[in-house]
Amino acid sequence: PINRELKQHLVQLFDQVSQHARFDVHAAHVVTTERASFASPQAVVNQFSRWYLDLGFIGCSSHSGRRTFIANAARKISTVGGSVRDVQLMAGHSNLTTTQRYIEVDADCQRRVVELV
């Protein structure tokens with residue numbers, strides 16, 4: 001699954017770059033650098049570090065967005081009829097235990113659920 005707004009932006013980006021004479025859909029990358037037509041995983045990690053440092057964010061990493069997505073998805077998945085197993089699959093984790101490490105425990109929430117059941 002992909003967020004509708006993100007998909008729209010990616011389609012717009014594709015439409016823009018595909019107009020160039022040298023465009024090759026099989027070799028194209030979304031993340032590029034000034035010197036290359038693609039960015040290495042380490043270059044992406046370094047860029048996130050620079051952004052967070054510039055913004056004054058302490059303790060953030062390139063993985064922070066992934067953690068936030070998984071935690072928020074876990075919190076909201078039941079509102080659309082899903083389960084933590086769906087979050088596991090979206091995260092690409094082979095083991096549910098890995099997904100559970102991203103999810104905060106909320107005792108108040110647990111009490112409210114018990115009252116509903």
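His 93 is buried, with a relative accessible area of 11% (buried means under 20% relative accessible area, exposed over 50% and partly exposed in between, with a 1.4 Å probe and protein chains only). The model is predicted, so that local features need pLDDT of at least 70 and side-chain atom pairs count only at pLDDT 80 or more, while totals for chains, interfaces and linings use all residues. Residues are numbered from 1 along each chain as its sequence is written, and side-chain values use heavy atoms, with hydrogens and water left out.

His 93 is placed in the loop between helix 4 and helix 5 (96-100); helices (H or I, at least four residues) and strands (E, at least two) are DSSP runs, numbered from the N terminus. The side chain of His 93 makes a polar contact of 2.8 Å with that of Thr 99 and another, of 3.2 Å, with that of Arg 66. A polar contact is a pair of N or O atoms within 3.5 Å; within protein, one must be able to donate a hydrogen and the other to accept it, and residues adjacent in sequence count only if both atoms are side-chain atoms. When residues up to four places away in sequence are not counted, His 93 touches Arg 66, Ile 70, Gln 88, Thr 98, Thr 99 and Tyr 102 (contact means heavy atoms within 4.5 Å).

Beyond its neighbours within four places in sequence, Val 87 is in contact with Ile 70, Ala 73, Ala 74, Ile 77 and Thr 99.

Leu 96 is located in helix 5 and is partly exposed, with a relative accessible area of 30%. Neighbours within four places in sequence aside, Leu 96 is in contact with Val 84, Arg 85 and Gln 88. Leu 96 and Asp 86, 10 residues apart in sequence, are 9.9 Å apart in space, C-alpha to C-alpha.

Rings of Phe, Tyr and Trp (its six-membered ring) pair if their centres lie within 6.5 Å; planes under 30 degrees apart count as stacked, over 60 as edge-to-face and the rest as tilted. By this rule there are four aromatic pairs. One of them, between Phe 14 and Phe 23, is edge-to-face, at 5.5 Å centre to centre and 80 degrees between the planes. Phe 14 is partly exposed, at a relative accessible area of 38%, as is Phe 23, at 24%. Ring pairs also link Phe 48, Trp 51, Tyr 52 and Phe 57 into a cluster.

The largest pocket holds about 520 Å³ of space. Of its 16 lining residues, Arg 75, Ile 103, Glu 104, Asp 106 and Cys 109 are the closest to the centre. Helix 3 and helix 6 (107-116) each give two or more residues to this lining, and helix 6 gives the most, with four. On a 1 Å grid over the protein atoms alone, a pocket is an open set of points where a 1.4 Å probe fits, with protein on both sides within 12 Å along at least five of seven lines; lining residues have an atom within 4 Å of a point. Grid points are joined across faces, edges and corners, and a volume is the space filled by probe spheres set on the points.
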